[in-house]
Amino acid sequence: MENWNKQKLNSADIINLSEKYNFTKKFQNNQTLSRIFSSILLRKNITEGKDILYYIEEDLRFQHNPFLIYGMEDAVERILNAQEEKENVLIFGDSDVDGISSTAILYNQLKRMNINVQWRLPCAEDEEECFGLSKKAVEYCYSNDISLIITVDCGISNIEATAFANQLGIDVIITDHHNPQETLPDAIAVINPKHPQSLYPYHLICGAAVSYKLVSALRFAQTDFYNAEICFLNVNENKEENCYEINCAKIKNLVKIRELNEKIYPSKTSIYDLKTISFIQNQIIYVWDAQKTKKILSELFGNGIDFNFIDFSKEAVIIHPSLNSKTIEELSELSLIAKYIPEEKTIINSLVNLYTTYCKKIIEQKHKNHILLEKEDLQLVALASMADIMPMKNENRIFVKNGIKAIKENPCNGLKELLAKLQLDPQTLTSTDLSWTVIPCLNAAGRLKQPDIALNLLLEENPFERQKIAEKVYDLNEERKALVSNSVFKIHDDALKSLEKNQNKICVVSSKEIPAGLTGLIANRLMTDFQVPSIAVSEEDSDEKKFRGSIRIKKGLIATEFLSKFGNDFFSDVGGHDLAAGFSFESSKIDLFYKHIERLSGEITPPDQHEQKKIDAEIPPEYLNPEIFKIIDIFEPYGHENPELFFCSNNLILNDKCLVGKKEPFHLKLTFTCGNCKFPAMYWKHGDDINKFQINSPYNVIFTLNRNYFKGNIIPQMIIQDIEG
């Protein structure tokens, strides 16, 4: 067990963190569970409220406002104009799960708005379209009287195609999440949380999430609150300085756009000296207690000026009866967001946050279908987030948790039929099932240059047709599996030679045996097998005489930065994320490609083969029972930057042992006595070690926890990682 490490913690830090955020309430006053939870957060270095928030809360109101993304208002206005003018609109997507999900989310919304919309994915016969919007697609739009193109999950690097569209009088809106280059396309709007001018708080969301944000903004535009400028004002006495403080905030589309704070010294400050007057002029002004606020201002400036205030306390009580008779000071103490983010605890911010909640409640009442539509969208956002390996942090946790919950309640069109074909029960579905079974199946169509089949599965309205399409998607995935296995087998020796040549720092293989649509999967397989950054390049013949490739990494490099070191003119197309990227280059440059690899490999730090694995918490044997899954459920969904939890327990008494499995290698099933319960444990591929274990003997065990669903029964179990007696 020397490869495992449990970081020592100060017990006071564990208690303080638990008490600060009242974890005991989350665990129904179970202090031990709350402190185990607190210790896990500390070992993961999750100690700030703004990060803890997304582990404790999963309410959709904690999503970030879509209008914080730069250019969102411009995009919404242009689409609303297309709706009014009955323009023809094209959505140009990408061929992977993120791309088809992005396309489906936006397409469905525009159809609901009665917009004349069609979609287009990268064309199987046209290699030009592999990396986003192409001139050929723009020419198609021109020939078919399409005046607006909206890209989803692509477009951020398509400067020439966008300029070509502008020349032809076609407007372009780009929605993307890939890393932007220094020069951006000249589009009507570039909707990307990574845009240098974006105020969006979290930029590591997938393309489908960006598409969903645009759709959310379009839905908001259907409400009475769209583009309404609202002003909030509060007057507070500051006895220490013998003055009054006026705090104002102005919001538009529920985003704070301006704020003003001033002090009024009685008998010294003239109303004409205040910036507040011009700030609130011609505005709808909300205050918490209109009568009290008017009284204070009248005492300060006399009755000559009439302030037209709306008493927000009277409106807020309609949706929150518990706020009746609460003072403005008490209001800020009740703010849930302020519990996690102290800077939100100001009175004016509490007013703004409460108003945001109020608006969302009113919208839910008036637009009940928005909730159902949001649940459908989030199913696809969840799939895309996992498919594109987005960090399971911040807003992504809300997307995936709510998305999986919605799938369990009622899978959306296409997904329902695919789950049935894969023999997966939605009620027991996990993020692991989606990542290892559903997502690869949907991805297979795009990998084999037939992405339209997967998208049609999500868009088809006829359930019988969806069943037929689900069969096709399933068959394509079986074909994809065989192709990948065959290719990896054929290039295995080349991969080993590459590792040796590059000092086990990077694996690079280019071959005619690598299909162009499978470079990403093969690069990922190489990375998994050899645990180093890996590149797969297809040398398949093409009319353009270009080679196409993909890079996959786990840590230590940023994929797009690594590729940028080849020089500005090396790649014909390039784009991607921190962990994955795609590219193409002229086949005549293959020797130069390898020279660049040889040069850049020297800059790579090889992975530490002796790096210790981290234990997240020790669980006393008496607490190893089904209750512990309350912690597991909070940390779900697991994924990038949120790995599965590793636990240790000492002196577990072995109660039973047996072999399981129908063929070799056999597995070992152990059962331990843990307090008042017997806890089963699986030790995969260790059936040969059965005689090493003695009944009634104590063992120290390192393990993960999961639920085994078998014939309608749910059985909690350990998955042993290491064990010693």
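Modeller: Let's start with the largest cavity: its lining residues divide into nine nonpolar, one polar and no charged. Keep in mind that this is a predicted model.

Biologist: Thanks! Which residues line the largest cavity?

Modeller: The lining is made up of L233, I246, I271, L274, T276, I277, I280, L297, F301 and F307.

Biologist: And how much space lies in the largest cavity?

Modeller: About 50 Å³.

Biologist: Which element gives the largest share of that lining?

Modeller: Helix α10, with three residues. Both α10 (276-280) and α11 (290-301) supply at least two residues each.

Biologist: How many cavities of 30 Å³ or more does a search of the whole structure find?

Modeller: Two. The second largest cavity holds about 30 Å³ of space. Around it you'll find F225, A228, I230, I251, N253, L254, Y355 and C359. That lining splits into seven nonpolar residues, one polar and no charged.

Biologist: Nice. Switching to the open sheet: what is the order of its five strands?

Modeller: The order is β3-β2-β4-β5-β6, and the pairing is parallel. At the edges stand β3 (116-120) and β6 (189-191), each with a single partner strand, so one side of each has no neighbour in the sheet. On average, neighbouring strands here are turned by 20° against each other, ignoring direction.

Biologist: OK, zooming in on β5 and β6: how many bridges do they pair over?

Modeller: Three, in the parallel sense, with β5 covering residues 171-175.

Biologist: Got it. Now helix α7: which of its residues are buried?

Modeller: A137, V138 and C141 are buried in α7. Looking down the axis of α7, the buried residues fall within an arc of 100°, so they line one face of the helix.

Biologist: Why would residues a few places apart end up pointing the same way?

Modeller: An α-helix has 3.6 residues a turn, so residues three or four places apart point the same way.

Biologist: And which residues are exposed on the other side of α7?

Modeller: Y142 and S143.

Biologist: Time for backbone checks. What is the phi of D145?

Modeller: Phi of D145 is positive, about 55°, although D145 is not a glycine. D145 sits in the loop between α7 (135-143) and β4 (146-152).

Biologist: Is D145 buried or exposed?

Modeller: D145 counts as exposed, because its relative accessibility is 60%, and the cut-off for exposed is over 50%.

Biologist: What about N242, what value is its phi near?

Modeller: Near 55°, again a positive value in a residue other than glycine. N242 is found in the loop between β7 (229-238) and β8 (243-252). With a relative accessible area of 60%, N242 is exposed.

Biologist: Last one: which residues does a cis peptide bond join?

Modeller: E636 and P637, with omega at about 0°. To find P637 on your screen, go to the loop between α25 (629-635) and β19 (647-660).

Biologist: Great, thanks for the tour!

Terms used. Residues numbered from 1 in each chain as written. Predicted model: local features only at pLDDT ≥ 70, side-chain atom pairs only at ≥ 80, totals over all residues. Heavy atoms only, no water. Pairing = 2+ DSSP bridges. Helix = DSSP H or I, 4+ residues; strand = E, 2+ residues; numbered from the N terminus. Axes fitted to C-alpha atoms, helices over the stretch in contact; angles between N-to-C directions. 1 Å grid on protein atoms, 1.4 Å probe; cavity = no way out; pocket = protein on both sides within 12 Å on 5 of 7 lines; lining within 4 Å. Points joined across faces, edges and corners; volume = space filled by probe spheres on them. Nonpolar A, V, L, I, M, F, W, Y, C, P; charged D, E, K, R; others polar. Buried < 20%, exposed > 50% of the residue type's maximum accessible area, 1.4 Å probe, protein only. Arc of directions from axis to C-beta.
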